[in-house]
Amino acid sequence: MAHKIKEIKGRLIYDSRGDKTIEIIVDVDGYVGQAAAPSGKSRGAREAEPFPNSSPETALILLQKEIIPKMKGIDIDSYETVDNLLIDLDGTWNFSQIGGNTALAISVATSIAISKAEGRPLYDYLASMTHTQPILPLPLGNVIGGGKHAGPGAPEIQEILVIPKNPKTISDAIAANIKVHKLVGKFLEEKITNYPLGRGDEGAYAPPINVEAALEIVYKAAKMVEDELGVKMGVGIDVAGTNIYNTRSERYELASVGLYLDTEEYLQYLEELANKYEIIYIEDPFKEDDYESFRKLSKALPKTYICGDDLVVTRSELIAKAASMEAIKAAIIKPNQVGTLTLTWEAVKTGKKYNLLLIASHRSGETTDHYLPHIAVGFGCKVIKAGIIGGERISKANELIRMNEEVREIQRLNAG
Ligand code: PGA
Ligand code: ZN
């Protein structure tokens with residue numbers, strides 16, 4: 001269907017960390033779409049640049065001077081027209097000229113406006129563009145955090161996560177995750193005297209305990225919730241491996257448990273942890289260029305989803321590389337790692353071709369926008385990773401509950 005961009009403007013707003021980000025407002029045929037881009041802190045080296053010269057202010061000036069004059073008044077068939085224009089306008093491989101965050105906010109705001117003009121929800125519009133059957137994703141959420149998302153003393157592993165594997169409804173799934181989060185809070189209070197239940201960037205607790213104590217607590221809480229609610233719960237981790245790798249000593253450093261391991265020893269340690277805590281999901285176990293170690297761990301843990309985030313940064317060609325060498329069984333899909341919905345779909349399509357478990361993911365710096373669940377459903381990602389609590393995280397959970405009024409079916413995880 002042909003549409004016209006009547007108006008486009010931008011502004012700077014704040015994300016959940018209190019950092020500035022860009023929000024775009026697009027008027028398509030008299031219907032308004034608005035979207036802001038999130039920002040990561042533990043970013044992969046091959047991601048799109050969020051802002052030109054790391055400056056949201058420069059991004060806004062460029063928007064007004066270079067982008068708006070070329071977009072206002074044009075006819076478009078879909079968001080793809082806009083995405084291709086943005087790629088041409090930028091001219092670099094990583095959106096370093098105009099900024100990936102500007103590109104993504106324009107891409108999503110345009111899609112929201114088109115979906116309104118066509119009288120359908122965003123997920124439905126995206127599903128029709130990609131011939132996807134809309135099914136609600138399973139929520140994967142972090143309960144205890146560490147690494148770059150927390151202060152010193154917290155575990156070195158960035159995230160310890162849970163996922164309901166066979167919930168009957170999305171509300172059951174969200175309730176199960178929240179219950180684990182609450183129980184973990186209780187266990188932490190019991191374990192650490194005078195611990196004020198501090199939280200990291202994504203609403204997960206950031207306690208001063210070591211990696212194994214943290215895993216023990218989450219595992220225990222997950223098992224209790226599993227028994228109580230009758231929903232099978234899986235435990236996962238996101239190591240953000242690059243951040244614990246010391247390039248000088250060439251070792252993975254887990255100071256809280258006194259371990260400084262070379263790659264081979266560290267691989268064995270991950271295997272031990274996975275077996276002990278029945279870990280079904282390991283994101284970025286190794287540094288972001290070590291495809292070979294990902295492959296070895298995938299082989300050693302055939303029932304665990306070894307997942308690439310910084311390893312593949314939502315880029316179709318890197319997903320294809322990692323999947324074809326059997327380095328990963330799952331991939332994180334973060335739209336602002338590539339900068340447009342078109343490129344995000346390219347990544348998803350490639351992931352599907354290789355039968356990967358695809359996980360639509362938030363960033364640590366989020367806004368209360370809730371388009372991520374629509375992307376997950378519209379592009380057919382089986383899992384959504386959007387945290388458990390905190391306003392900017394719960395906004396995604398609540399949107400899934402609203403979407404359930406139209407999308408009845410929910411995914412299941414059989415493996416793991
Ligand atoms: P981020 O990291 O800080 O880059 O958003 C989140 C993640 O590694 O999954
Ligand atoms: Zn990650």
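Strands β9 and β10 (residues 259-261) are antiparallel partners, joined by three bridges. This is a predicted model. Within the pair, Glu 253 has Tyr 260 of β10 as its bridge partner. The two strands make a hairpin with four residues between them. Gly 258 sits in that turn and has a positive phi of about 65 degrees.

β9 also pairs with strand β8 (residues 245-246). That pairing is antiparallel too, and it rests on two bridges. Here Asn 246 faces Arg 251 of β9. β8 and β9 form a hairpin with four residues between the strands. In this hairpin Glu 250 adopts a positive phi near 55 degrees.

Which residues of β9 lie on the covered face, and which on the uncovered one? Tyr 252 and Leu 254 make up the covered face of the strand, which spans residues 251-254. Arg 251 and Glu 253 make up the uncovered face. In a regular strand, side chains alternate between the two faces of the sheet.

## The four-stranded sheet

An open sheet holds four strands in the order β3-β2-β1-β4. Their pairing is antiparallel. β3 and β4 (75-76) are the edge strands, each pairing on one side only.

β1 (residues 3-14) and β2 (residues 20-28) run antiparallel and are joined by nine bridges.

Ser 55 belongs to the loop between β3 (31-36) and α1 (56-71). Is Ser 55 buried or exposed? Ser 55 counts as buried because its relative accessibility is 15%, and the limit for buried is under 20%. The side chain of Ser 55 makes a polar contact of 2.8 Å with the side chain of Thr 58.

## The zinc site

Which residues are the protein donors of the zinc ion (ligand 2)? They are Asp 238 (OD), Glu 283 (OE) and Asp 309 (OD). Along the chain, the donors of the zinc ion follow the spacing D-x44-E-x25-D.

Asp 238 lies in strand β7 (residues 233-238), and Glu 283 lies in strand β11 (residues 279-283). The pair therefore ties together parts that are 45 residues apart in sequence. Asp 238 is buried, and Glu 283 is buried as well.

## Cysteines without a disulfide

How many disulfides does the structure hold? The count is zero. Take Cys 307: the closest cysteine sulfur is in Cys 381, 11 Å from its own sulfur. That is too far for a bond, because a disulfide needs the two sulfur atoms within 2.5 Å. Cys 381 is likewise in no disulfide, and the nearest cysteine sulfur to it is that of Cys 307.

Cys 307 counts as buried, with 0% relative accessibility. Cys 381 counts as buried too, at 0% relative accessibility.

Notes:
Residues are numbered from 1 along each chain as its sequence is written. Chains are lettered from A and ligands numbered from 1 in the order in which they are written. This is a predicted model: local features need pLDDT of at least 70, side-chain atom pairs count only at pLDDT 80 or more; totals for chains, interfaces and linings use all residues. Side-chain values use heavy atoms; hydrogens and water are left out. Donors are N, O and S atoms within 2.8 Å of the metal (3.2 Å for Na, K and Ca); water is not among the atoms, so sites may look incomplete. Buried means under 20% relative accessible area, exposed over 50%, partly exposed in between (1.4 Å probe, protein chains only). A polar contact is a pair of N or O atoms within 3.5 Å; within protein, one must be able to donate a hydrogen and the other to accept it, and residues adjacent in sequence count only if both atoms are side-chain atoms. Two strands pair if DSSP finds at least two bridges between them.
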